[in-house]
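The following note sets out numbered comments for a colleague who has the sequence and coordinates at hand.

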Amino acid sequence: QVQLVESGGGLVQAGGSLRLSCGASGLTFDSYVMTWFRQAPGKEREFVAAHTWGGRVTYYADSVKGRSTISRDNANNAVVLQMNNLKPEDTAVYYCAARQGGIFYRTMAQYDYWGQGTQVTVSS
């Protein structure tokens, strides 16, 4: 039973920061590509950030590059997305996804497991 649970979302003013966490259970953590997606109302779900091989290889969407850092919380078997200098356009439901294997994909169809999502709202 694989389960992904996101947490850390909330309401923040523009320029603020949030630390999102994706707790994983029921999987061998290091054998999965861990990825964050987000979906705003009326828009398609889009890639945000990902890491492979224990975080040694990371990927970021251009929209968050330089403002976000993805890392692993080994003690809690979790993946963390630190988001700084948040903008109103960052407002969305953020989802954690996992794919078994070593190849990174930016599209949703390639992922095997998903969390329920955590809401991030950035006010101006």
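**Comments on the model**

1. Arg-67 sits in the loop between S6 and S7, strands and helices being DSSP runs numbered from the N terminus (helices H or I, at least four residues; strands E, at least two). Arg-67 has a relative accessibility of 10% and counts as buried; buried means under 20% relative accessible area, exposed over 50%, and partly exposed in between (1.4 Å probe, protein chains only). Leaving out residues up to four places away in sequence, Arg-67 touches Gln-82, Met-83, Asn-84, Asn-85, Leu-86, Lys-87 and Asp-90, where contact means heavy atoms within 4.5 Å. With Asn-85, Arg-67 is 18 residues apart in sequence and 6.3 Å apart in space, C-alpha to C-alpha.

2. On provenance, this is a predicted model, in which local features need pLDDT of at least 70 and side-chain atom pairs count only at pLDDT 80 or more, while totals for chains, interfaces and linings use all residues. Residues are numbered from 1 along each chain as its sequence is written, and side-chain values use heavy atoms, with hydrogens and water left out.

3. The chain has 11 strands and zero helices. Its radius of gyration is 13 Å, close to the 14 Å that the globule rule gives for 124 residues, so the chain is as compact as a globular protein of that length. The radius is taken over C-alpha atoms, and the rule is 2.2 Å times the number of residues to the power 0.38. Along its principal axes, the C-alpha trace spans about 40 × 30 × 25 Å.

4. Among contacts between residues at least 6 apart in sequence, 59% join residues at least 24 apart. The chain exposes about 6400 Å², and carbon and sulfur atoms supply 45% of that area; accessible areas come from the Shrake-Rupley method with a 1.4 Å probe, and for residues only the protein chains shown count as cover.

5. The chain carries 11 positive and 9 negative side chains, and the centres of the two sets lie 4 Å apart. In this count Lys and Arg are positive and Asp and Glu negative, whereas His and the chain ends are not counted. Each charge is placed at NZ of Lys, CZ of Arg, CG of Asp or CD of Glu.

6. How many salt bridges does a search of the whole structure find? The search finds three, a salt bridge being a side-chain nitrogen of Lys or Arg within 4 Å of a carboxyl oxygen of Asp or Glu. Arg-38, Glu-46, Arg-67 and Asp-90 are linked in a network of such bridges.

7. Arg-38 is buried at 5% relative accessible area, whereas Glu-46 is partly exposed at 37%.

8. Asp-90 forms a salt bridge with Arg-38, the closest N and O atoms being 2.9 Å apart. This pair links distant parts of the chain: Asp-90 lies in the loop between strand S8 (78–83) and strand S9 (92–100), and Arg-38 in strand S4 (residues 32–39), 52 residues apart. Asp-90 and Arg-38 are buried.

9. The side chains of Asp-90 and Arg-67 also meet in a salt bridge, at 2.8 Å, N to O. Here again distant parts of the chain are linked, with Asp-90 in the loop between S8 and S9, and Arg-67 in the loop between strand S6 (57–60) and strand S7 (68–73), 23 residues apart. Both residues of this pair are buried.

10. Two asparagines deserve a look at their backbone. Asn-77, in the loop between S7 and S8, has phi near 50°, a positive value in a residue other than glycine. Asn-77 counts as partly exposed, at 24% relative accessibility. Asn-85, placed in the loop between S8 and S9, also has a positive phi, near 50°, and is partly exposed at 42%. For context, most residues other than glycine have a negative phi.

11. Tyr-111 is found in the loop between S9 and strand S10 (113–114). Is Tyr-111 buried or exposed? Tyr-111 counts as buried, at 6% relative accessibility. Beyond its neighbours within four places in sequence, Tyr-111 is in contact with Val-33, Thr-35, Phe-37, Ala-97, Ala-98, Arg-99, Phe-104 and Tyr-105. Tyr-111 and Ala-97 are 14 residues apart in sequence and 6.3 Å apart in space, C-alpha to C-alpha.
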